[in-house]
Amino acid sequence: MLGQAVLVYATRRVERQIASVLQKRKLLTSCKMSAVESAKKLAAFKAVDNHVKDGFKVGIGSGSTVVYAVERLAELVQKKGFKVICVPTSFQARHLITGNNLNLSDLEITPELDVAIDGADEVDADLVLIKGGGGCLLQEKIVAAAAKEFVVIADYRKDSTNLGEQWTKGVPIEVVPMAYKPVQVKIEKIFGGEAILRQAKAKAGPVVTDNGNFILDWVFKGSQNWDKVNQQLMMIPGVVETGLFVGMAKVAYFGMEDGNVKERTV
């Protein structure tokens, strides 16, 4: 009986130790995520404050960092009486705009924008971006191209010297569904690496974009001449658009872990 009691005590003690470790890990994860969210907010607020003026027509990108940019725009409208018109890049962006009671428009009504603000999956030293992790690359690029100034907001995890250092999922490439296989083969033959058809998580089958297309994620190797690569990719029949944003961004703001905002310009 004594041996059993000792065993039970020891088992419970180990269980308490495990529970304590798990709780500490949970707290550490929570703190880390809070730091990331704080960094996103810092970058977004600074970008809006520096680049949006009363009366501006603003392109609203997609992704978690843009949520804070829209939050800041709503504050400027409510507290300072700003009048801004917002053009979304996706259904998510449209929902953010209407949910914050901002004026919604589109490119048919508002074809020229003063500024577009969007996130990125990765930004290199030359402000070349990889975008499209969320699947909105085509509409994001169209809206960015319609703006006089394209501003990028991100947290410190997206800041790289060379593409591929932080973002390892490859360059998203939107393709016409019937052409995905020959495009996939050509990409791998021309550039090497692997072009992977992106699969949906909540249902069987490939991801379908807002435009009814598929996405190939090209996992590349080594450094590239991204301007040349982008042009070559766009010449492949069936390719609709790439997630390479070359020569488009004028400035990027990175929220840092220490509470500062790092600015990069070209």
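## Salt bridges, a helix face and some strands

The structure holds twelve salt bridges (a side-chain nitrogen of Lys or Arg within 4 Å of a carboxyl oxygen of Asp or Glu). This is a predicted model, where local features need pLDDT of at least 70, side-chain atom pairs count only at pLDDT 80 or more, and totals for chains, interfaces and linings use all residues. Residues are numbered from 1 along each chain as its sequence is written, and side-chain values use heavy atoms, with hydrogens and water left out. Helices (H or I, at least four residues) and strands (E, at least two) are DSSP runs, numbered from the N terminus.

**Salt bridges**

- Glu71 pairs with Lys41 in a salt bridge, with 3.6 Å between the closest N and O atoms. This one ties together distant parts of the chain: Glu71 sits in helix α2 and Lys41 in helix α1 (residues 2–51), 30 residues apart.
- Both ends of that pair are partly exposed, Glu71 at a relative accessible area of 26% and Lys41 at 34%. (Buried means under 20% relative accessible area, exposed over 50%, and partly exposed in between, with a 1.4 Å probe and protein chains only.)
- Lys131 and Glu140 also form a salt bridge, 3.2 Å from N to O. Here Lys131 is buried at 2%, and Glu140 is buried at 6%.
- Asp155 and Arg157 meet at 2.8 Å, N to O, in another salt bridge. Asp155 is buried at 0%, while Arg157 is partly exposed at 35%.

**Around Ser62**

- Ser62 lies in the loop between β1 (57–60) and α2 (64–80), and at 11% relative accessibility it counts as buried.
- Its side chain makes a polar contact of 2.7 Å with that of Thr89. (A polar contact is a pair of N or O atoms within 3.5 Å; within protein, one must be able to donate a hydrogen and the other to accept it, and residues adjacent in sequence count only if both atoms are side-chain atoms.)
- Setting aside neighbours within four places in sequence, Ser62 has contacts (heavy atoms within 4.5 Å) that include Thr89, Asp118, Cys136 and Glu140.

**Helix α5**

- Helix α5 (residues 180–191) has twelve residues and spans 16 Å from first C-alpha to last, close to the 16 Å expected at 1.5 Å a residue. (The expected span is 1.5 Å times one less than the number of residues.)
- Val183, Gln184, Ile187 and Phe191 are the buried residues in α5. Looking down the axis, the buried residues fall within an arc of 105°, so they line one face of the helix. (The arc is that of the directions from the helix axis to the C-beta atoms.)
- That set packs against β8 (171–175), β9 (194–197), β10 (214–219), α6 (226–234) and β11 (239–242).
- Just after α5, Gly192 has a positive phi of about 80°.

**Strands and turns**

- β5, β6 and β12 make an open sheet of three strands in the order β5-β6-β12, with antiparallel pairing. (Two strands pair if DSSP finds at least two bridges between them.)
- β5 (122–123) and β12 (244–245) are at the edges with a single partner strand each, so one side of each has no neighbour in the sheet.
- Leu127, in the loop between β5 and β6, has a positive phi of about 60° although it is not a glycine. Leu127 is buried, at 0%.
- β13 and β14 form a hairpin with five residues between them, and Gly259 in the turn has a positive phi of about 95°.
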